[in-house]
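The report that follows describes how one complex is built, and it is meant to be read alongside the sequence and coordinates shown here.

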Amino acid sequence: MKFTDFICRDAIHANMVALDKEGAIREMVQALVEAKRVNSADFESIVKAILKREELGSTGIGRGVAVPHTKHPSVDRLVGTVSVSSSGVDFASLDGETVNLFFLLISPPDRPGDHLRALENISRQLRDDTFCHLLKQAKLPQDITLLLDEADNHQFGS
Amino acid sequence: MSEPALKRTVTVANRAGLHARAAVMVVTEARKFDARVVISKRLHEVEATDILQLMSLGAAQGEQLSLEGSGNEAQAAVDALEQLFLRKFDED
């Protein structure tokens, strides 16, 4: 699976304003609403589901990265977005570090395989330090899109 | 001469596969032991203590993984990780 298969370009943000977990999640889901990938009527329900998943254990996986996610019946295919925070967000990460790079995923309840393949893709690409570093430094959504495209085209390791 | 590594095969039995929370459970368990455990899916080998590497396996339900332990507590570490897979990560 490639980034282009599940990342909604119009919802990519390079200047996250939120400084806490709930704010960050709200901002990213709102971006998906504005990109018309999620209905505004489902906004609160999706935010709540993602927060509930965080209660089971933070999706802040370390190295300044978090992958907040949920299953939700309102989507019929995997939908995701990327956000970068220059100041960092307290996400109760495994390594205690703040998070600068977010991949948010919403998947249909009956498609665990797609979610797994998206996680596989994200984690494989992030193993490349250059890719990870450049994404965190991105100042514009276009920078992020370009980096994701380059990763899809195997410009980075593995 | 060092002891030969301890090897075991496990099957991913939970429906969601080795997703984020399951990977966190593996990392948390693996870090409890004085041992190194390498988990592999075919030729793709990763460290059991590295969540990003674990998720990069994309191990789905029904797939087989190999656990290979070495070090002082290799046996206990491999046993504990095998249990997580057998327990389906307390899911399903």
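A crossing of two helices is called left-handed if the near helix is turned anticlockwise from the far one by less than a right angle, and right-handed if clockwise. This is a predicted model, in which local features need pLDDT of at least 70 and side-chain atom pairs count only at pLDDT 80 or more, while totals for chains, interfaces and linings use all residues. Residues are numbered from 1 along each chain as its sequence is written, and chains are lettered from A and ligands numbered from 1 in the order in which they are written.

The predictor assigns the complex an ipTM of 0.86 and a pTM of 0.92.

**Helix pair in chain A**

Helices (H or I, at least four residues) and strands (E, at least two) are DSSP runs, numbered from the N terminus. The axes of α1(A), residues 21-34, and α2(A), residues 43-55, come within 10 Å and cross at roughly 140 degrees; axes are lines fitted to C-alpha atoms, for helices over the stretch in contact, and angles run from 0 to 180 degrees between N-to-C directions. Because of that angle, α1(A) is oblique to α2(A), given that angles under 35 degrees count as roughly parallel, over 145 as roughly antiparallel, 65 to 115 as roughly perpendicular and the rest as oblique. The crossing of α1(A) and α2(A) is right-handed.

**Sheet in chain B**

Chain B holds an open sheet of four strands in the order β1-β4-β2-β3, with antiparallel pairing, where two strands pair if DSSP finds at least two bridges between them. β1(B) and β3(B) stand at the edges with a single partner strand each, so one side of each is left without a neighbour in the sheet. From one strand to the next the twist averages 25 degrees. β2(B) and β3(B) pair over four bridges, and B:Ile39 has B:Val46 in β3(B) as its bridge partner. Helix α3(B) lies across β1(B), β2(B) and β4(B), running at about 5 degrees to β1(B).

| Element | Residues |
|---|---|
| β1(B) | residues 6-11 |
| β2(B) | residues 36-41 |
| β3(B) | residues 44-47 |
| β4(B) | residues 64-70 |

**Interface**

14 residues of chain B are in contact (C-beta atoms, placed from the backbone, within 7 Å) with 19 residues of chain A. On the side of chain B that touches chain A, the largest share, four residues, comes from α2(B).

Technical notes:
Contact = placed C-beta atoms within 7 Å.
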